[in-house]
Amino acid sequence: PKTKLAELYLDRGKKEEAKKVIDAALSGSQGDPSVLLLKGKFLLADGKIDESIGIFQKVAKEDATLPQPHYYLGLAHLAQGDEGEAKAELAKAIDIFPAFLDAHVALAQLYLKSRSYDLAVEEADKALKADPQNDRALLLKGEAYLGKRDFAKGKETFKEIISKDPENVVAYVRLGMVEAAQGEVESAKNLFEKALMLDRDAADALVQLAGVYVRAKQTDAAVKRVQEQIARAPRNPVYYNLLGHLYEMKKEPSLAEKAYLKSVDVDPNALPAYLNLGQLFANQKKYREALDEFEKVRKLKPDYLPAYMLIGIIYDQQRQTDQAKEAYEKALKINPNFGPAANNLAWIYSETGGNIDQALDLARIAKAQLPDDPGVSDTLGWIYFKKGAYLKAISLLEESVAKMPANPVVHYHL
């Protein structure tokens with residue numbers, strides 16, 4: 001009962017309540033593996049990845065018949081950006097329990113991420129054998145077909161998902177992407193609109209819809225549609241970042257700046273908006289003016305993380321590394337798990353002769369907080385390269401290149 005209550009708290013993001021229940025259970029459990037696994041899951045959710053790995057390894061060593069510790073070890077290694085170890089541990093979990101649905105799904109996701117599309121389809125099929133109705137496995141299978149540019153099978157798979165679950169937002173977005181790739185523009189727009197009707201915060205749908213308008217040279221229409229969606233979902237940072245990007249395309253930098261600033265105000269962890277702001281300031285050469293404004297904000301709100309982050313980025317743009325480092329360090333004193341500052345400070349340490357192990361710790365924090373950000377993957381991959389961990393580096397850098405194919409720095413690192 002206590003473990004189920006702790007699981008419930010963890011699933012709902014109530015970490016403090018979960019910790020109390022887990023600690024109470026541990027005090028009388030005599031090393032019960034189910035309680036230890038819960039402790040490891042809590043530490044993993046709390047960003048204490050090395051500690052969680054230690055617990056999962058202990059459980060795996062004490063009982064070699066349990067698949068769960070290997071599964072969670074896979075997730076922990078993945079959180080550190082170590083895809084090789086993650087795949088190995090997930091494979092061990094499946095060897096112990098071949099019908100382990102979550103392990104098959106996680107492995108399929110990893111193969112998809114590394115663009116091993118045939119292997120992704122294979123693992124998704126194994127998951128579907130265990131549970132033919134599993135939407136996650138079907139989505140991964142469809143996305144793998146997209147990666148292979150097998151649009152016919154991709155379309156078939158996404159339609160199957162929608163027939164089973166008419167409110168599956170991701171399936172509508174992916175099917176829209178297939179239609180757009182095949183030149184079926186109106187059908188694609190309708191599918192993206194359907195996704196946004198089902199979920200007003202479906203950021204992928206709005207990004208894809210704006211892309212359809214832009215490719216048709218209808219940037220004004222894209223701006224109008226994004227503004228309409230912001231009115232419906234005013235707390236979505238991706239929407240403001242997208243709006244800023246569109247304003248830059250229209251050569252309206254002051255409106256772009258306002259949009260990017262709103263993005264980081266809504267979500268201080270919105271790393272893409274920080275980077276876009278930094279580039280915008282660099283393009284306009286308005287460093288001093290921007291610094292003065294953010295210093296005023298910092299004095300009025302000493303714990304406002306975006307102010308420190310933006311000050312750091314402006315100094316970074318001017319190659320004033322010591323001042324940038326100081327700003328990021330101050331941000332991390334306020335919140336040691338602040339991903340954007342951890343990422344940028346890790347980069348500074350790695351590139352200026354700082355402590356490479358400290359840089360690695362910071363990059364891991366950033367990866368745990370921002371697991372899907374390609375800039376973070378690039379930072380962590382480059383640090384692994386510098387430490388000689390080449391296999392770990394390659395998987396992260398390949399992931400970064402896949403998401404930022406036009407970035408020359410990322411290509412250089414790979």
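Which helices are included in what covers the buried residues of α5?

**Figure 1. Overview of the predicted model.** This is a predicted model, in which local features need pLDDT of at least 70, side-chain atom pairs count only at pLDDT 80 or more, and totals for chains, interfaces and linings use all residues. Residues are numbered from 1 along each chain as its sequence is written, and side-chain values use heavy atoms, with hydrogens and water left out. The protein has 25 helices and 0 strands. Helices (H or I, at least four residues) and strands (E, at least two) are DSSP runs, numbered from the N terminus. The C-alpha trace spans about 60 × 50 × 40 Å along its principal axes.

Figure 2. Of the 414 residues, 48% count as buried. Buried means under 20% relative accessible area, exposed over 50%, and partly exposed in between (1.4 Å probe, protein chains only). Among contacts with a separation of 6 or more, 48% join residues 24 or more positions apart. Contact means heavy atoms within 4.5 Å.

**Figure 3. Helix α5 and its cover.** Helix α5 runs over residues 68–79 and has 12 residues. From first C-alpha to last it reaches 17 Å, close to the 16 Å expected at 1.5 Å a residue. The expected span is 1.5 Å times one less than the number of residues. Because 9 of its 12 residues are buried, α5 is largely enclosed by the rest of the structure. The buried residues are Pro69, His70, Tyr71, Tyr72, Leu73, Gly74, Ala76, His77 and Ala79. Their cover includes α3 (33–45), α4 (49–62), α6 (83–96), α7 (101–113) and α22 (356–369). Gly81 follows α5, and its phi is positive, near 85°.

Figure 4. Glu257 sits in helix α16, residues 253–266. Is this residue buried or exposed? Glu257 counts as buried, because its relative accessibility is 16%. Leaving aside residues up to four places away in sequence, Glu257 touches Leu277, Leu280, Phe281, Gln284 and Lys286. Phe281 lies 24 residues from Glu257 along the chain, and their C-alpha atoms are separated by 8.6 Å.
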